[in-house]
Amino acid sequence: MKKLVVSLLALVSVSVPAQAAESVLAVSGRYALLNSPTGTPRDGVVLITGGAGYLGIQQDGSLRSERNWIVWTRGMYAKSGIASLLIDQGTSASEAVQALKFRGVKNVYIVGMSRGCLRAMDGLSSGIAGVVLVSCHMDQIQSRFGYHERIPRKTLVIHHRQDRCRGTAPYKAEEFAQWAGSRAQIKWMTGGVDAGDPCQADGHHGHKGIETRVVAEIVRFVRH
């Protein structure tokens, strides 16, 4: 039995891309955290948290704020062969995209969470491959797009059906999907934990308890 377990672990290690250690990059005069498989990945994501976006990333890679699923799951993408760059408050989304491209990443996507989606909009003209909008204020996003032609052809909306945050009510995501038509696809999430402030990380708005499912949807979207 022991030999069988060892053999299975060996098979798993072969199937998962080798992951380099997390490294710290200087972007827009601030620090960002890069997680990447070894070699030059084809795909990459720029990760933007919600709220004010403050993480307090330090030069040694430590953070002063980690209450966000985007922060907790940042290393998962590299296991699927995708580079991820977690950026801090005040960091330009466009410059973050260019930082990944400078490292040879061909297809860069921006992933925005809640109010971080508005920051993601600032990177639309930086030659991105697509955008992922999670628990966003979709009425404001629609206003920022203005017209259909500005919506990237690869756009994914991820929203929880029981999101109780007033600014991100599910019906707003549904209205955006109808307005966007074929230019955007929507993935509805269900289940998980719903506790505390409905607009914070510990509820359905923050996809508490189903974080890995959200990451899996993002990985699937990026890789196909």
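Is C199 buried, exposed or partly exposed? With 30% relative accessibility, C199 counts as partly exposed; the classes here are buried under 20% relative accessible area, exposed over 50%, and partly exposed in between (1.4 Å probe, protein chains only). Some notes on the rest follow.

1. Ground rules. This is a predicted model, where local features need pLDDT of at least 70, side-chain atom pairs count only at pLDDT 80 or more, and totals for chains, interfaces and linings use all residues. Residues are numbered from 1 along each chain as its sequence is written, and side-chain values use heavy atoms, with hydrogens and water left out.

2. Overall fold. You'll find seven helices and eight strands in the chain (DSSP runs numbered from the N terminus: helices are H or I with at least four residues, strands E with at least two). The chain is as compact as a globular protein of its length, because its radius of gyration of 17 Å is close to the 17 Å that the globule rule gives for 224 residues. That radius is taken over C-alpha atoms, and the rule is 2.2 Å times the number of residues to the power 0.38. Along the principal axes, the C-alpha atoms fill a box of roughly 55 × 40 × 35 Å.

3. Packing and surface. Of the 224 residues, 50% count as buried. Among contacts with a separation of 6 or more, 66% come from residues 24 or more positions apart (contact means heavy atoms within 4.5 Å). The accessible surface is about 10600 Å², with 51% of that belonging to carbon and sulfur atoms (Shrake-Rupley method, 1.4 Å probe; for residues, only the protein chains shown count as cover).

4. The C117–C136 link. Two disulfides turn up, a disulfide being a pair of cysteine sulfur atoms within 2.5 Å. One joins C117 to C136, S to S 1.7 Å, and with -40° about the S-S bond this link is left-handed. C117 sits in helix α4 (residues 116-121) and C136 in the loop between β6 (130-134) and α5 (138-145), so the pair ties together parts 19 residues apart in sequence. C117 is buried at 0% relative accessible area, and C136 is buried at 0% too.

5. The C165–C199 link. Here the S to S distance is 2.1 Å, and the torsion about the S-S bond is about 95°, so this disulfide is right-handed. C165 lies in the loop between β7 (155-160) and α6 (170-180), and C199 in the loop between β8 (185-189) and α7 (211-223), so parts 34 residues apart in sequence are tied together. C165 is buried, at 6% relative accessible area, whereas C199 is partly exposed.
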